[in-house]
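Please look over the sequence and the structure shown below before reading on. The report that follows takes up a few local features in turn.

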Amino acid sequence: MTSAMADAYPSVAGVAAAASAFARFHPRLCTLRQVGKSREGRPLHLLSAGRGRRNVLVVAAPHSDERIGPATALRLAERVAVDPDLHARADASWHFLLCLDPDGTVRSEEGPAVRRTPASHFRHSYRPPPDEQPEWAPSVRPAGDQLPESQALFDVIDELRPFLQCSLHGNDLGGSWIQLTRDIPGLAEPLGKLSAERDVPVQTGTYDALYWTVSGPGVYVMPEPGRPMQFPSLPEDVTRSTWVRPHRYGGMTALFEVPMWASRRVADTAPHPDPGRALAALAGLLRRQSDRTRALLDDVGALLPSAGAGSCGPYEPGSGPWPETLLRLASGLVDICPQVADDWEALHPAPVPLTLAHVTALDIAARRISLRATGTLLRLLAGLPGEGPARTRAECERLLLRWADELAVGHDLAWVPVPEQVELQTECVLAAFRLLAAG
């Protein structure tokens with residue numbers, strides 16, 4: 001299915017069609033079924049391969065702007081189908097939830113289908129607010145108000161009781177790393193080898209896992225209960241997310257991150273010479289960019305009522321309160337900047353010795369927030385007529401291009417071809433499976 005993959009991510013429709021053809025080609029081994037629907041009525045497909053008693057669940061596209069997962073799921077299905085060591089002799093069955101957030105992923109498909117620039121990526125990709133992200137939503141929404149996508153995933157986990165759930169993520173900038181809800185000893189070695197073979201740095205400092213236990217270079221294990229897991233400004237709670245659901249059945253979850261653009265600096269384990277000064281500078285950057293995007297958000301908000309909600313974005317009628325969602329998303333991104341700045345100023349002294357890799361990861365995260373906010377504002381302005389929207393759109397474009405260029409140049413970014421992203425993520429999943437199955 002993926003052997004002749006171009007340097008582009010497959011579409012949601014293309015992945016579903018490929019999975020259907022694959023299941024028909026392997027009728028004795030594979031099945032394809034629908035396990036739910038998205039909020040907008042798109043099907044959630046589960047492709048299964050194998051007849052073993054131990055189940056592996058692979059979840060693709062948990063974040064709609066991380067589009068590598070569906071291609072990896074198809075590639076994994078290919079590998080499982082041709083290798084009895086991965087199913088029959090391992091007494092295992094593999095199940096691939098091909099796209100957990102199809103509504104958001106379809107929106108991220110807008111724009112160039114082939115390799116994008118960083119500016120084009122942030123202009124066209126879409127990541128919903130945390131309470132609309134299926135993996136995270138259960139941790140921030142009331143128990144009786146779950147997204148249908150989240151509930152479908154819970155139902156699949158409860159049905160399959162997987163000993164391993166693999167969540168396929170894809171960071172836009174940085175390196176490769178793995179987060180585990182329980183340790184898999186020895187996983188850092190294949191991660192390092194597989195990444196080196198593809199010239200991808202292993203990320204030894206991350207914004208996402210700064211508080212997590214380091215099992216080995218690039219492998220982070222969820223802390224023990226009672227210990228902090230993330231920055232106070234983040235609303236999500238890992239212990240209430242879909243990641244921990246397999247724990248009910250003795251299983252665990254592994255998250256696999258591979259980058260779109262690689263930055264060597266995320267692998268630099270040298271101690272930072274002056275982390276306090278660096279953190280203060282990043283906090284200042286966040287506040288300055290937040291002030292600028294807040295002013296633009298006010299301008300955009302004043303322009304929208306006269307244009308009518310129906311003109312905001314080229315999406316079909318009936319797809320939900322799209323402009324309102326974008327406004328809430330942009331506002332949330334702008335509001336969180338000062339909170340993150342406070343978090344980072346409080347990191348001195350830090351819970352871990354800060355390396356150059358840590359500070360690099362924080363720098364990327366700081367710049368990414370404002371780029372996402374500016375890209376969201378451009379979506380709100382799309383199609384609005386008149387001089388006022390044109391002026392605001394031009395200013396948003398100017399800032400997005402400038403900030404994306406500063407990010408690319410400052411971190412010496414190198415594009416990782418899509419087939420290389422797929423193969424790296426695929427091999428890391430298989431390495432985790434083999435180690436866990438043999439343990």
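Does aspartate 91 count as buried, partly exposed or exposed, and at what relative accessibility? The model is a predicted one, and in it aspartate 91 counts as partly exposed, at a relative accessibility of 25%.

## Two residues with positive phi

Aspartate 91 lies in the loop between α2 and β4, and its phi is near 50 degrees, a positive value in a residue other than glycine. Most residues other than glycine have a negative phi.

Alanine 61, found in the loop between β3 and α2, is likewise not a glycine and has a positive phi, of about 55 degrees. Whereas aspartate 91 is partly exposed, alanine 61 is buried, with a relative accessible area of 1%.

## Helices α1 and α2

Helix α1, which covers residues 12–25, packs against helix α2, residues 68–82, at an angle of about 10 degrees, and the two axes are 10 Å apart. Because angles under 35 degrees count as roughly parallel, α1 is described as roughly parallel to α2.

On the α1 side the contact is made by Val15, Ala18, Ala19 and Phe22, which meet Pro70, Leu74, Ala77, Glu78 and Ala81 of α2. Of the residues in this contact, eight are nonpolar and one is charged, while none is polar.

## Helix α5 and its surroundings

Helix α5 runs over residues 148–160, and its 13 residues reach 18 Å from the first C-alpha to the last, close to the 18 Å expected at 1.5 Å a residue. The helix is followed by arginine 161, whose phi is positive, near 50 degrees.

Which residues of α5 are buried? They are Glu149, Ser150, Ala152, Leu153, Phe154, Val156, Ile157 and Leu160. The elements that cover these buried residues include the strands β1 (30–37), β2 (43–49), β3 (54–60), β4 (92–97) and β5 (164–168), together with helix α3 (102–108).

## A sheet of three strands

Three strands form an open sheet in the order β6-β11-β12, and their pairing is mixed. Since β6 (173–174) and β12 (414–415) stand at the edges with a single partner strand each, one side of each is left without a neighbour in the sheet.

Strand β11, residues 261–262, is joined to β12 by two bridges, and these strands run antiparallel. Within this pairing, alanine 262 stands opposite alanine 414 of β12. Strands of a sheet pair through backbone hydrogen bonds, in either a parallel or an antiparallel manner.

Key: Residues are numbered from 1 along each chain as its sequence is written. This is a predicted model: local features need pLDDT of at least 70, side-chain atom pairs count only at pLDDT 80 or more; totals for chains, interfaces and linings use all residues. Side-chain values use heavy atoms; hydrogens and water are left out. Two strands pair if DSSP finds at least two bridges between them. Helices (H or I, at least four residues) and strands (E, at least two) are DSSP runs, numbered from the N terminus. Axes are lines fitted to C-alpha atoms, for helices over the stretch in contact, and angles run from 0 to 180 degrees between N-to-C directions. Angles under 35 degrees count as roughly parallel, over 145 as roughly antiparallel, 65 to 115 as roughly perpendicular and the rest as oblique. Contact means heavy atoms within 4.5 Å. Ala, Val, Leu, Ile, Met, Phe, Trp, Tyr, Cys and Pro count as nonpolar, Asp, Glu, Lys and Arg as charged, and the others, Gly among them, as polar. The expected span of a helix is 1.5 Å times one less than its number of residues. Buried means under 20% relative accessible area, exposed over 50%, partly exposed in between (1.4 Å probe, protein chains only).
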